[in-house]
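Please look over the structure shown here together with this short report on its sheets and one of its pockets.

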Amino acid sequence: MISQFRTAFNADFLPEQYRMLLADLDARAETKIEFRVAETPVFLPLNMLQEMAAAGIELTQRLLEWPEYLAGARASIPDRFTVAGESSHPHFLTADFALVRDSSGELTPRLVEIQAFPSVYAYQAVLAEEYRQIFHLPKSLGIFLSGLDRAGFFELLRQAVLGKHAPEHVVLTEVDPWHQKTLPDFLLTAKALGISIMDISSLEPVGNKLHYRDAAGRLVPIHRIYNRAIADEMIARQVRLPFDLTHPWEVEWAGHPNWYFLISKYSVPWLAFPPEGRSRAKYGAVVPPAVFLDDFLAGKGQERLASAGVSLPQTREADTIYENLLLKPLFSFAGKGIQFAPSRLELEAIPADERRNYLLQQRMHFVPTIKTPHGLTQAEFRILYIWPDGGKLTPVLPLIRLGRGKMMGVDHNRNQEWVGASAAFWQ
């Protein structure tokens with residue numbers, strides 16, 4: 001939103017440059033990019049990204065030091081996905097933010113969600129490099145955060161993924177990785193770090209160790225797993241693994257599966273309404289009011305939202321529509337299952353024993369801030385963090401999603417231009 005760069009980019013943009021960008025991304029990833037890439041990056045003041053990054057760190061540390069929260073989050077993990085060998089902290093974290101207008105009309109960040117799970121680290125770095133090269137962006141514009149350069153970024157990623165192990169004994173696992181839209185990131189990560197990509201259902205247990213078969217069919221012991229397999233997808237696909245996830249295997253996890261549940265959307269109601277005796281976090285103002293569905297239908301949650309200034313209808317009839325709320329399943333990914341303006345009937349239709357796995361959150365109205373030839377466009381800002389063993393939680397790179405619809409995910413902005421996955425450059 002630095003106007004001089006925005007104006008110059010729009011004025012100089014050529015469609016053939018965008019075609020070159022897509023071709024180069026496909027060539028570097030050695031596969032077709034199946035999600036929409038935006039025609040433009042965004043240009044931001046560094047202090048805006050630093051504020052978001054600092055908020056994500058502070059909120060995460062607060063959750064890690066909160067025994068009651070962690071106990072509640074742990075109880076939400078499905079039995080067959082409670083994995084042994086949990087690391088002392090997550091190795092990867094993402095925090096998503098919207099820009100909204102506060103009561104004084106100023107633009108301010110609001111947390112969309114926070115998730116201790118890997119994102120497209122390697123791909124995002126390459127995307128930013130390609131934007132710079134194709135559109136001849138000034139070298140003075142920064143990409144990485146925390147004082148990192150490209151080499152420092154990939155070294156931090158290497159430390160987090162490999163730990164102290166040789167690449168031959170580290171694998172990236174996913175459900176059917178060769179047909180995931182995130183395959184470009186898998187391939188770029190594997191190439192950068194020298195590791196193998198494996199379908200999680202192809203791992204073979206022998207004794208107390210897990211193994212994979214290399215290109216020659218040789219059985220290779222796995223010492224560390226860079227986990228990209230999402231529990232809700234495994235449940236939805238009814239994936240049957242040839243090994244028991246809950247067994248204490250002799251393996252380390254880079255991105256331990258438990259953290260997917262422990263720091264997730266589950267945290268938002270806790271951060272929004274901390275219990276009596278626990279003060280609101282320094283960055284608590286970035287957290288939107290949110291409550292669990294069971295609390296809302298019991299009445300207490302509705303009172304909390306109203307006390308936070310969320311406008312709600314007074315009636316509780318079946319046809320009551322909650323225009324200012326979003327219904328979110330706690331452990332879905334990529335916007336799956338999110339419902340805008342749910343009705344009372346729809347909320348009550350969710351079985352009572354499942355309601356604790358949903359939250360109702362104040363709907364945020366993203367302010368369109370990116371000038372494009374198709375009009376002002378909204379941006380969602382994701383801060384990517386890496387936390388290697390023996391290191392600290394470090395913001396490394398911003399990821400941007402541009403859109404003009406209700407949802408900001410790349411899957412929700414099809415058949416439009418100047419929207420989709422993007423990158424940020426800062427000054």
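This is a predicted model: local features need pLDDT of at least 70, side-chain atom pairs count only at pLDDT 80 or more; totals for chains, interfaces and linings use all residues.

## The parallel sheet

Four strands form an open sheet in the order β5-β4-β9-β10, and their pairing is parallel. Because β5 (196–199) and β10 (252–254) stand at the edges with a single partner strand each, one side of each is left without a neighbour in the sheet. From one strand to the next, the twist in this sheet averages 35°.

Within the sheet, strand β4 (residues 170–174) pairs with strand β9 (residues 224–227) in the parallel sense over four bridges, and Val171 has Ile225 in β9 as its bridge partner. Helix α6 (residues 150–162) lies across β4, β9 and β10, and its direction makes an angle of about 120° with β9.

## The antiparallel sheet

An open sheet of three strands is arranged in the order β6-β7-β8, with antiparallel pairing. Its edge strands, β6 (204–206) and β8 (219–221), each pair on one side only, and the twist from one strand to the next averages 45°.

Three bridges join strand β7 (residues 209–213) to β8 in the antiparallel sense, and Arg213 has Leu219 in β8 as its bridge partner.

## The second largest pocket

The second largest pocket has a volume of about 290 Å³ and a lining of 16 residues, of which Pro78, Asp232, Ile235, Phe331 and Asn357 lie nearest its centre. Helix α8 (residues 231–236) contributes three residues, the largest share of this lining. By residue class, the lining of the second largest pocket comprises nine nonpolar, four polar and three charged residues.

Definitions and conventions: Residues are numbered from 1 along each chain as its sequence is written. Side-chain values use heavy atoms; hydrogens and water are left out. Two strands pair if DSSP finds at least two bridges between them. Helices (H or I, at least four residues) and strands (E, at least two) are DSSP runs, numbered from the N terminus. Axes are lines fitted to C-alpha atoms, for helices over the stretch in contact, and angles run from 0 to 180 degrees between N-to-C directions. On a 1 Å grid over the protein atoms alone, a cavity is a set of points where a 1.4 Å probe fits but cannot get out, and a pocket is an open set with protein on both sides within 12 Å along at least five of seven lines; lining residues have an atom within 4 Å of a point. Grid points are joined across faces, edges and corners, and a volume is the space filled by probe spheres set on the points. Ala, Val, Leu, Ile, Met, Phe, Trp, Tyr, Cys and Pro count as nonpolar, Asp, Glu, Lys and Arg as charged, and the others, Gly among them, as polar. Contact means heavy atoms within 4.5 Å.
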